[in-house]
Structures are given as C-alpha cells and as structure tokens.
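Me: Hi! Could you walk me through this one while I have it open?

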Amino acid sequence: LQSETSDKSSAESDSETEVEQVSVYRKLLATLKTSPESESEEEEDESESEEAGESETEMDSEGSQETGEAGGGEEDKNDVLDQEEGITATDTAEQTLAQEQADGGDTSCDPSHGVIEEFTDVKHESEFSLETNFMEEESGDCNADKRESTSSQAFSEDPFKQHMDKELEEKEVEKMSTLPKTSSQSKWPRLGQLTFSSTLEKCKTLKADKEVDVKQLYLHKPLESTWPKVNKQFLSSANKPSDPSFTPLQRELFCIMNTYRDLFYPERNALTNGEEIRHAYCLHALNHVLKANAQVLSNNAKRRDQKPGTDNDDYRDQGLTRPKVLMIVPFRECALRIVHIFISLLEVNDKRKIDVSNKKRFKGEFGSDPEEKPPNLKRPEDYEAVFAGNIDDHFRIGVAILQKSMRLYAPFYSSDIIIASPLGMRTIIGAEGEKKRDFDFLSSIEILVIDQADIYLMQNWEHVLHLMKHINLLPRDSHGVDFSRVRMLNLNNWSKYYRQTLLFSALQDPQINSVFNKHCFNYVGQVAVRNVPLSGSISHVVVQLPHVFRRLEAENVTSVIDTRFQFFIDKVLPEYRDAIMSHTLIYVPSYFDYVRLRNYFKKEELNFTHICEYTKKAGVCRARRFFLKGEKQFLLFTERFHFYKRYTIKGIRNLIFYELPTYSHFYSEICNMMKATDNGVDATWTCTVLYSKYDAQKLAAVVGIDRTAQMLQSKKNVHLFVTGEN
C-alpha cells in the first residue's frame, strides 16, 4: 500500500475531521473541569456542549459541499455567526498530530500534516504468497480437496464452484447490459417480503430453509466446526435441536448469501441484530476466501507434479489481482470486530491458536481504551451502539489468510480481504489527474460487503459512489500476474457480472437503492428485502402536539429542492415571522439546504441563530443559550449535527421539518424535545412538516404505510395529526 495525495476538496474535507479519538476523550476530561458559565436551567445541556464530540472526529465532513457552496454563499468573515463555524480546528490538529503518529493514525490527506507513509507488513511476503505455497502445507486439507475434485457431485453442488466456474456467453452479457430485470415476490418467515430480480432467466424464487445442516452448506475447514462455537452467543434455547448453528435471521440471510445472489437488507439495527449480521457475512466471506485459496494451492501442487510441456489451461483459478473481498464499514471499531470474528472462526480450539502477524499494532490502532470514555455522558441506546469504541472513519487495512495464519497490514496486492471506510478508499483511489492514485487492486473483487450504509449518508455519500465507479475495472498494470492462471471471466472484463454485493442498512433510502439497482450486475440476480412500516415513528411522540403535514407539488425529482425552498419562503415562513411565533426550530436534513436557508435568513435580516456539524463548541453553547432565552427567534439545525451529538435543545415551541428526517426515529426525538421546555404552554406548540410525493419512503416511516397512501392519493395539501398522552 502506498501513501497517497488526495485531491484538494477531499483534503479540505479530511482536514476538518482528522483528529484521533484517543485524544478526544482526554480533551473532554480537561474541559469538564472548566465548563463555561451557564444559567442554572441550562447547566446540564451546557456541559454536554463541552463533550468530546466537538472535535468533529466522527464526521467525514462534506468537504465537497463546503467548497461547492463557497461561491454562492460565502459569508462575511467579520460576522460573528460565521466565526462560530470552523471549517478546521488547526490548533486541535496540531495538538493531536504527535498522538496520531504514535497511534498509527493516517494523516496522509491532511495538508497541514504532510504525507506520512502508511505501515505495511513486508516481512511475511513469501510466507503468505499464493504462488509459492502448496496444498500439502495446509493442515491436511489436500486430501479433502482431492476427494472433492474426484466427486462430480460435490463439484457441481458447491455454490462457490457453481458461481465462479460458470462461463457466460457474450449474448448473455449483452442481455444483462441492455434488457430490464424481471422480478418476483416471495414472503419468508423472518425476512418478510422479498423481491427477487434477474435478467438472464426467468427469476427463480428461493424458498426459505426451515432447517440448516452445517454439513450441507459446503463450509471449508475449519469453519464447519468453529462456526457453531463462535455463533453460540446469539443462539437461544428456542433454537431447534436440528438447527443449532444459526439464528432464524442468520439462517435466511446465509441461505441467500450462499447462492451468491446480491442482497439488500435495510433493517439492520445496531442494538438488536447488527452483530448477528456481521457474523453471518464474515462466515460467508471467509468461506469464500478459504475455498479460493485452497483451489490455487491445490493447483500449485498439481502443476508442480505435472510433466513438462503439459497444457496449463486447466488451472485458471485466479483474478487479475489477489484481493477477493472488500468490506466497507464506517469506523475502526467495526474493522476490529470483523478481524476478531475471522480469528475466532479460524481457531479450531484453544490449543490450536492461529498465528496473527502485527496483532499488537492492530489492537493499538483500531482498539480503544474504555477507561478514557467519560462515564457521565447520557445518550440514547442506539447512539451508544453505533458510536462504540474507536470511531475514526479514515482507515484501510489488507488481510491475507492461509489456513494456519493471518497477516494484518498486508500490502493490498498480497491481500485476500480489504477492510476500509469509504474515506479510506476515497483517498487511495484519488481523482482524475492525480499522479498518486491506485485502484487496480479492486479489479477482481468477488464479494463486496457494504455494512451500515445509512451512516455513509451522514458522512459523505460521494465516497461510496466514487468507489462503485472504480470497482471491477481492468487494471492499468499487470502487477506480476501469471496470465495462464487468470480466469477467462477476468480477462474478458466480466468481473462485475460475477461480483456479489451484500448491502446492509438501517433504512430504505433512494440513494442506497440507487447503488443496489444501478451498480450491481450479478448474473445470478438480486434479492431485496422490501417490508413496509405498518406504524410510523409518530406513534412514539409523547408530547401533546398538532402535526401539520404540508404537501408541495414538484414537477420532477430534480426540481424538488428549488420547489421546497420557494414553498417554504412563500407559504410557511411568513406565518412564523410574527414575534408571537418565537422559539422556532427549523430541522434541515441536507447541508446544501441549510446553507441556502442561512444565506436567505441573513439577507432578510431575520433574528436567527444556527447550529450545524461544523459549528465550534463555543458557537453551539451560544446558539443554544440565545434560543432558550428567546433572544433569537429561529434556530436552523442540521440533521447531521443531531446524528453525531444528540443534544437536547431546550426552548422549542414551534417546530418545522424543512424535509422529513433520514432516520424516522429522529422525528419523535426532536418532537419530544419539547417536553424539556420549561414554562411552555402546550396549546401554543406547533409542528409543521414539508413533504412531496417523492418522499413516500420517509413519510411511511414517520406516519405508517396506510396514512401515507391516503396522503399521497388525497387532493388535500394539509393533513393534521395530534399526538400526546391522554
């Protein structure tokens, strides 16, 4: 892996956020001792503002958005409000540079830090080389492989061999490129409503296996014996004796994964099923890698033993580059957990520990010290689950695996699995015109796992799109590959038709759906879970509050942004300009919309303050105090600030959702902040929501599918609901 120089906009974005989490908590402990003066009723919230989160570590900020709006909305530098928004905290960056270097933090894309060479393991190259090792060295698996190769039935039924050995014809590839997909529906006991889609043939609908025998899953050694032990923590006494290895959710997910279909599961929950899902896809990925490597090592031995001059075309078992699995996860803690699962799955018992190179370094760079987390921070359970451990979002690491050992920090071209964040991928892929950029290692990815995709909407979705555009392309260099061993599918540049994509998210979103529909080309087909919410998050609002949903009419999806802005300033804002409508919080999901509104409010000289993900600590304290005391009538408030901080904003009497929230539970969270308002008169509280017909998914998540259908079919533009305790 080489060090790289990112493009200017990415560098600006990264410099905003590259602060090591370890130092964050140290800063917090120091600031808690000297919290600023505050009014008694605001004391609790003011201390919150001093939290570690203010260092903006969590956010792979939308640097491209900042630079994109600069021309249209650059504010006066002398304006106090503008000074509150720091694009980058240079003093913090300087303080933590030494710590980042000590901890192995990657600062390569921060211009103030310069380019720092990343660590890669060069000692164990020959030990983990697929070209120079043979099957006999692999724990006796040579015999198993020979048995398998002599059994035509095993050969034809193993999903790995079925998928990778199928030879597509040119007319089939042309079909996939031009014809629309046919789809069919099916309902499974645990996953619910599934949509199966395919282009090549009439879509086959899988049936859910009621029971799964581990021995029939074609798991590679030692997974057949280790999986039940590793997964034991998720199993309950309710599990059937005949199915002791999988939870009902894992059984159905793995049933789909093991057919090598693409999968989109939008109901991942960090609190409930997140770790179950992580274990399931780790099992599938590791099974794939072990089978692929075993095939190569077995063929190495056969080639070594064959007579000179024999045709070698029978041994096409590799891609153009070695990496087979790419796992995209949001934080270092996720990578840490994945590696721990791999190690557990490879260790047959306590006596047979596997060798893991650079394990100490890995724990130091990807782990976290639980003692450094402040004990007095109170956040919702889902927040604690998502932001557990090391939440640095700029990383990438190569992992090479052979049966007895694992190599962490392997150079990418010697890795089997790459675990990275979208930002980590973005800074090595680079941009057009850059000298130091590399994406050849993505050319032969066979399994792509994108976990917690919803979080990337809060980071920078452009990084995900950038990655998808550079995966499974023909490499620009040969990288020493033996072309006589390369599969024809790779030589034909058909890798993308064989790639399996596993996409997990906490929600349905048009941008996530678009990636699954437009960037996944698997010839086997796709499976998407499409359950509709029966009751929305509005049912969790506990304050007595009238909810007014106001529909805006847009000609098409591209015109919605401008239509919403015009609708807001013409129809909604005039109703709130009166001083009697003070304490109005405007919730804005999009940063672009936030900048546009902020500039309009300044131009109109409205009495407002604002908080976004870039607002400094002092600015947040000041804005909250002004809003609580009524010194500022309006508070512009971004969704990403709420996602990363979860502060309780006191003093809200009127609430405007400029757009429906990305996370449906944010709707009830924001509404329930009103109960924190002292001396509030319930009868004067209001909540207004803007929506269009293009917000159907978000609307259903808030009000439920039945109400959504009524609201979208009705000619009325205003719908009223009342919540609250009786």
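Me: Glad to have it up. What share of the contacts with a separation of 6 or more comes from residues 24 or more positions apart?
Reply: Such residues account for 79% of those contacts in the protein. Keep in mind that this is a predicted model.

Me: Noted. How many helices and strands are there?
Reply: The protein has 29 helices and 18 strands.

Me: And what percentage of the residues is buried?
Reply: Of the 726 residues in the protein, 59% are buried.

Me: Where does V296 sit?
Reply: V296 is part of helix α13, which covers residues 274-305.

Me: Is V296 buried or exposed, and why?
Reply: V296 counts as buried because its relative accessible area is 2%, and the cut-off for buried is under 20%.

Me: Which residues make the nonpolar surface patch of about 260 Å²?
Reply: That patch is made by F483, M488 and L491.

Me: Which helix holds L491?
Reply: L491 belongs to helix α20, residues 488-491.

Me: So why does L491 count as partly exposed?
Reply: Because its relative accessibility is 33%, and partly exposed lies between the 20% cut-off for buried and the 50% cut-off for exposed.

Key: Residues are numbered from 1 along each chain as its sequence is written. This is a predicted model: local features need pLDDT of at least 70, side-chain atom pairs count only at pLDDT 80 or more; totals for chains, interfaces and linings use all residues. Side-chain values use heavy atoms; hydrogens and water are left out. Patches are made of residues with over 30% relative accessible area and no salt bridge: like charges are joined within 9 Å, nonpolar side chains (Val, Leu, Ile, Met, Phe, Trp, Tyr) within 5 Å. Accessible areas come from the Shrake-Rupley method with a 1.4 Å probe; for residues, only the protein chains shown count as cover. A salt bridge is a side-chain nitrogen of Lys or Arg within 4 Å of a carboxyl oxygen of Asp or Glu. Helices (H or I, at least four residues) and strands (E, at least two) are DSSP runs, numbered from the N terminus. Buried means under 20% relative accessible area, exposed over 50%, partly exposed in between (1.4 Å probe, protein chains only). Contact means heavy atoms within 4.5 Å.
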